[in-house]
Structures are given as C-alpha cells and as structure tokens.
Amino acid sequence: MRVVLLGPPGSGKGTCAKIIGGLYGVPVITTGDMLRAAVARATPLGRTAKGYMDRGELVPDDLVNSLVAERLAEPDAANGFILDGYPRSPKQAEALEKHLQKTGKRLDHVLHVELEDEAIIDRLSKRRSCPRCGAIYHLENKPPRTNGMCDTCATALVQRDDDRPEVIRRRLEVYREKTRPLLSFYERRGEIKTIRGDLPLDELPAALRRVLNGRG
Ligand code: ADP
Ligand code: ZN
C-alpha cells in the first residue's frame, strides 16, 4: 500500500497517516518529524533546516528529496509507505515519480485532508505537544489532565516554534503557493480522494477505510 497525504498544515494529515499506516501495516514517513529530529540532533541537515522551519518556509527541495530517498530505500518501505508531508512542491512530486518509476511501483492513493483556515489556525495555535513521548494535546478540545503536563509521562508540554500565529499564516501561504498545485497534478491523473480533517476521532478509522476502498 502506497499512499500520499496532501493537505494544509494542521489539517490532520498526521492523525490520518498513523491510522492508515496501522490499518495496512506499512511505515508512516513524516518529513516534518524527520526534519525536527535532525534539528534536535544538530546534524548538518538540521542546522540548515532550522531557519526555514522557524520562518514557516519549505526546506530546500534537494535536501528533503535526498532525506526521503534514503528513507524509502530502507527495507521496511519496500512493501509500502504512507507519506505525510511529502511531496510538498512540484520538484518533490517529480522526485517521487522518479522513485516510483525506478522501482516499478505506483501510488495506490493520494488522499487530500481538507480543513478551512479558521479551524487550522485555532488548532495549531492551541496545540501543545510532549517533547518526550510525542503526545499531542489541544488546550480546549483535548487538554491534559494536569495543566501543562503530559498525561502519559508527566513531561512539561511545549508549543512548536512554528505554531506561533505569524508563522502559521506564512505556512498557510506557502501551502497555497507551493503545495496546493499538486492537487491538480494528481487530480488530472484521477488519483485524488478527499476526507475532512475534523471528523470525530472515533469515526476516523472507518471513514478512512471507506474512502480508500472507493466507497467514500
Ligand atoms: P505542518 O504540515 O503542520 O506545517 P510539518 O511538521 O509537516 O508541519 O512541517 C513543519 C516544517 O517542516 C515545514 O513548515 C517545513 O519547513 C518543513 N518541512 C516538512 N516537510 C517538508 C517538505 N516535504 N519539504 C520542505 N520542507 C518541509
Ligand atoms: Zn509525554
């Protein structure tokens, strides 16, 4: 199973990706997480990527393309993958095409997770996450039991640097400019399916299964 998730920042791509990965038993490849890990380890890639990420800009295509190419070459991705946050620009879509051609595979689904700007801004500005276990909270809709602390590991929650309002606005602009054109690229090839990013969490697995089975 090979799936690409498209959609604006904060639409819920990551949540959908995890569910689909679990349904089909294939790895979820999240470029945002990979880049944040590189930043945390201060690798050469991380040191370059940090500035772009803090400003809400895309990390340059060739850096991200080689990061993903390496990841796709790992054995666990041979039987499939869920790409969350990639491709994000026409150059990246081309690189993915090349990879697929080279391996003689094709995408099974391109899933568009859609959500309006207002809902996105609300979600991202009130999002908090646990730096230790990665759990994600929302100050109103999914608050931690103890204010500011992770339910699972009692670590102090943090806000992502790029979840500040001015950076969120820039990320949305960049999405419209660079990523949204990919929707028509994949649409022309009849590969796009759409799901709303604000379905109740307990309905999401069934809804995803319906959409991916062509009955959505
Ligand atoms: P979101 O989708 O909510 O903006 P991500 O975690 O996917 O969050 O991405 C955070 C940041 O990481 C992006 O703003 C960008 O700087 C960088 N990034 C992630 N994926 C890519 C990519 N495919 N190409 C370029 N930059 C990326
Ligand atoms: Zn935690």
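**Conventions**
I take axes as lines fitted to C-alpha atoms, for helices over the stretch in contact, and angles run from 0 to 180 degrees between N-to-C directions. I'm working on a predicted model, where local features need pLDDT of at least 70, side-chain atom pairs count only at pLDDT 80 or more, and totals for chains, interfaces and linings use all residues. Residues are numbered from 1 along each chain as its sequence is written, chains are lettered from A and ligands numbered from 1 in the order written, and side-chain values use heavy atoms, with hydrogens and water left out.

**Helix 5 against helix 8**
I looked up helix 5 (residues 90-103) and helix 8 (residues 181-188); helices (H or I, at least four residues) and strands (E, at least two) are DSSP runs, numbered from the N terminus. The axes of helix 5 and helix 8 come within 10 Å and cross at roughly 35°. Helix 5 brings Pro 90, Ala 93, Leu 96 and Glu 97 to the contact (heavy atoms within 4.5 Å). Helix 8 answers with Leu 182, Phe 185 and Tyr 186. By class I get six nonpolar residues, no polar ones and one charged. Here Ala, Val, Leu, Ile, Met, Phe, Trp, Tyr, Cys and Pro count as nonpolar, Asp, Glu, Lys and Arg as charged, and the others, Gly among them, as polar.

Next I traced an open sheet of five strands, order 2-3-1-4-7, with parallel pairing (at least two DSSP bridges between two strands). Strand 2 (28-30) and strand 7 (192-196) are the edges, each pairing on one side only. Neighbouring strands are turned by 25° against each other on average, direction ignored. Strand 4 (residues 109-114) runs parallel to strand 7 over five bridges, and I find Leu 111 opposite Lys 193 of strand 7. Helix 9 (residues 204-212) packs on this sheet, touching strand 4 and strand 7. Its direction makes about 160° with that of strand 7.

**Ligand 1**
Which residues come nearest to ligand 1? I get Thr 31, Glu 57, Gly 85, Gln 92 and Arg 171, out of 19 around it (a heavy atom within 4 Å). The shell divides into seven nonpolar, five polar and seven charged residues. Helix 2 (residues 31-40) gives the largest share, four residues.

Then I went through N or O pairs (within 3.5 Å). A polar side-chain atom of Lys 13 lies 3.5 Å from a ligand 1 oxygen. For Arg 160, a side-chain N or O atom is 3.2 Å from an oxygen of ligand 1. Val 59 uses a backbone N or O atom, 3.0 Å from a ligand 1 nitrogen. The protein covers 96% of the 540 Å² of accessible area that ligand 1 has on its own (Shrake-Rupley, 1.4 Å probe).

Terms used: A polar contact is a pair of N or O atoms within 3.5 Å; within protein, one must be able to donate a hydrogen and the other to accept it, and residues adjacent in sequence count only if both atoms are side-chain atoms.
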